[in-house]
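Biologist: I have not looked at this one before. Can you take me through it, starting with the terms?

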Amino acid sequence: MLTGKSRKRPLCNRKKSFGQDRLLIYLKLHVMLALLSISGICSKAAAAQPFLSAQFCLYWLMGIALMGIYAVGWQQAIKRLPLTVAYANKAVTVVWGIIWGSVFFNEPATAGKLAGSLLVVIGVVCYAAGEGKDG
C-alpha cells in the first residue's frame, strides 16, 4: 500500500509552477485565437474567387481546417481556464482582425480602431488579472 508521501500530487495541487503553467495556457489560447482569426483571412480570400473554383475551394478548406484546429485547442483551453476568462480573451480577435486587415488587405488601421483595440486589450488584461480574486 502506498503512503501519502510516496504518491504524486495532482497537477492542480502543485504550487511551484502554477504561474508558469497559467502563462503557457494563455499563450496557447492566444495562438488558437490567432488561428481562428487567420481562418477569417481564408474566408475573405475565398469570397474573392469565383464560386467553387480551385482557389475558392483551397481557401475554403484552409479556413475549415484552421477552425477545426482551433476547436480542439479551444476545448483544451476551457478545460484548464474558467469559461468566463476564456471567453473574455476571445475579444483579442478584434486586434488580430485589424492587424490581418492591414497586412493582407491594405485596410486602414485608423486611430479609432487602434484606440478601440487598446481598450479591448486593457479590458482582457484587467479581467484576467482579477481571476480568482473576490470582489
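Modeller: A salt bridge here is a side-chain nitrogen of Lys or Arg within 4 Å of a carboxyl oxygen of Asp or Glu. This is a predicted model, where local features need pLDDT of at least 70 and side-chain atom pairs count only at pLDDT 80 or more, while totals for chains, interfaces and linings use all residues. Residues are numbered from 1 along each chain as its sequence is written, and side-chain values use heavy atoms, with hydrogens and water left out.

Biologist: How many salt bridges does that rule give?

Modeller: The count is 1 salt bridge. The side chains of K44 and E107 form a salt bridge, at 2.7 Å from N to O.

Biologist: Which parts does the pair tie together?

Modeller: K44 is in helix 1 and E107 is in the loop between helix 4 and helix 5 (111–129), so the pair ties together parts 63 residues apart in sequence. Helices (H or I, at least four residues) and strands (E, at least two) are DSSP runs, numbered from the N terminus.

Biologist: Step back a bit. What is the secondary structure of the chain?

Modeller: The chain has 5 helices and 0 strands. From the N terminus on, the elements run α-α-α-α-α.

Biologist: And how much of the chain is buried?

Modeller: Buried residues make up 25% of the 135 residues. The accessible surface of the chain is about 9500 Å², and 69% of that belongs to carbon and sulfur atoms. Those areas come from the Shrake-Rupley method with a 1.4 Å probe, and for residues only the protein chains shown count as cover.

Biologist: What about contacts between residues at least 6 apart in sequence?

Modeller: Of those contacts, 71% join residues at least 24 apart. A contact means heavy atoms within 4.5 Å.

Biologist: Which residues have the most contacts inside the largest nonpolar core?

Modeller: They are L29, L33, Y70, W74 and L81, in a core of 16 residues. Helix 1 (18–47), helix 2 and helix 3 (83–89) each supply at least two residues of this core. Helix 1 gives the most, with 7 residues. By definition, such a core is a set of buried Ala, Val, Leu, Ile, Met, Phe, Trp, Tyr and Cys residues joined through side-chain atoms within 4.5 Å.

Biologist: What does W74 touch?

Modeller: Leaving out residues up to four places away in sequence, W74 touches L29, M32, L83, A86, Y87 and K90. W74 is also part of a cluster with Y70 and Y87, linked by ring pairs.

Biologist: How many aromatic pairs are there?

Modeller: The count is 5 aromatic pairs. One of them is W96 with W100, which is stacked at 5.0 Å centre to centre, with 20 degrees between the planes. Rings of Phe, Tyr and Trp (its six-membered ring) pair if their centres lie within 6.5 Å; planes under 30 degrees apart count as stacked, over 60 as edge-to-face and the rest as tilted.

Biologist: Where are W96 and W100 in the chain?

Modeller: They are 4 residues apart in helix 4, so about one helical turn separates them. W96 is partly exposed at 25% relative accessibility, whereas W100 is buried at 16%. W100 also pairs with F104: the ring centres are 5.8 Å apart and the planes at 45 degrees, so this pair is tilted. F104 is partly exposed, at 47% relative accessibility.

Biologist: Which residues of helix 4 are buried?

Modeller: In helix 4 (residues 93–105), the buried residues are V95, I98, W100 and G101.

Biologist: And what follows helix 4?

Modeller: N106 does, with a positive phi near 55 degrees, although N106 is not a glycine. N106 is exposed, with a relative accessible area of 69%. L52, in the loop between helix 1 and helix 2, has a positive phi as well, near 65 degrees.

Terms used: Buried means under 20% relative accessible area, exposed over 50%, partly exposed in between (1.4 Å probe, protein chains only).
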